[in-house]
Amino acid sequence: MKKSAYILSFFYRKFRPVRSKNRFAILRAARFSVAAFLPAVIWMAFIFSFSAAPAVESSETSDGISYKIVKVMAALPFLDWEEEELEIKAEALHVPIRKAAHFSEYALLAVLWAAPFGYITKSTKKRMAAAFLICLIYAVSDEIHQLFVPGRDGNVKDVLIDSAGAGSGILLWRFLFHNFSCRRRAKNSMRT
């Protein structure tokens, strides 16, 4: 076996070398496992682009979203809000919308990291811990990055919200993964 194939198999297949005569199969498996992490990296770039927006632009985006939500609510037949009242209610939703965005961004990021870690380890606890740790480190680096963006500041509270989102995303992934894998195992055991 070539040395490069052995190294790739060591890192990408459950932390142990894969014994195979077909080195191309090992390289294909390693390439696929690296590609499995691509959605998480793309989502991190997406989060970075939101963090890189100046405060005015970010605030306008949040205001636009909160106004649209209030506008949809005002369309309900039992609510009769004037335009001035819509703006007041939209302004009140501004902060919760921003914090919900932080929470949901990192919940999705945690799921995107937890899922492909199956190529590295089959231990669910290790997968969950690794995904959470990556999300936590990225949340801290994201807030440090915001210190250098005009009008923005780093906030420890946002790191805590991001971490809570990551933890919730991992728990949701764990619940769905556990239910899916238990059903699959039950179905496979019924076939034999």
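Before the details, a word on conventions: residues are numbered from 1 along each chain as its sequence is written, and side-chain values use heavy atoms, with hydrogens and water left out. Since we are looking at a predicted model, local features need pLDDT of at least 70 and side-chain atom pairs count only at pLDDT 80 or more, whereas totals for chains, interfaces and linings use all residues.

Let me begin with the fold. The chain has seven helices and zero strands, where helices (H or I, at least four residues) and strands (E, at least two) are DSSP runs numbered from the N terminus, and the pattern along the sequence is α-α-α-α-α-α-α. Of the 192 residues, 30% count as buried, buried being under 20% relative accessible area, exposed over 50% and partly exposed in between, with a 1.4 Å probe and protein chains only. If we take contacts, meaning heavy atoms within 4.5 Å, between residues at least 6 apart in sequence, 64% of them join residues at least 24 apart.

Now to the core. In soluble globular proteins, nonpolar side chains tend to be buried together. Here the largest nonpolar core has 20 residues, such a core being a set of buried Ala, Val, Leu, Ile, Met, Phe, Trp, Tyr and Cys residues joined through side-chain atoms within 4.5 Å. Helices α3, α5, α6 and α7 each supply at least two residues of this core. Tyr106, Leu109, Trp113, Cys135 and Tyr138 have the most contacts inside the core, and Cys135, leaving out residues up to four places away in sequence, touches Tyr106, Leu109, Ala110, Trp113 and Ala166.

Which residues does Ser163 contact, leaving aside its neighbours within four places in sequence? They are Phe132 and Leu136. Ser163 itself is found in helix α7, residues 156-191, and counts as buried because its relative accessible area is 13%.

Next, the aromatic rings. A search of the whole structure finds six aromatic pairs, where rings of Phe, Tyr and Trp (its six-membered ring) pair if their centres lie within 6.5 Å, and planes under 30 degrees apart count as stacked, over 60 as edge-to-face and the rest as tilted. Phe37 and Trp113 form a tilted pair, 5.6 Å centre to centre with 45° between the planes. This pair links distant parts of the chain, with Phe37 in the loop between α2 (23-36) and α3 and Trp113 in helix α5, 76 residues apart. Both Phe37 and Trp113 are buried, and together with Phe117 they form one aromatic cluster.

Phe46 and Phe50 form an edge-to-face pair, at 4.8 Å centre to centre and 80° between the planes. Because they are four residues apart in helix α3, Phe46 and Phe50 are separated by about one helical turn. Phe46 counts as partly exposed because its relative accessibility is 36%, and Phe50 counts as partly exposed because its relative accessibility is 41%.

Finally, the largest pocket. A pocket, on a 1 Å grid over the protein atoms alone, is an open set of points where a 1.4 Å probe fits, with protein on both sides within 12 Å along at least five of seven lines, and lining residues have an atom within 4 Å of a point. The lining has 29 residues, with Ser58, Ser62, Arg98, His102 and Arg152 nearest the centre of the pocket. Helix α5 gives the most to this lining, with nine residues.
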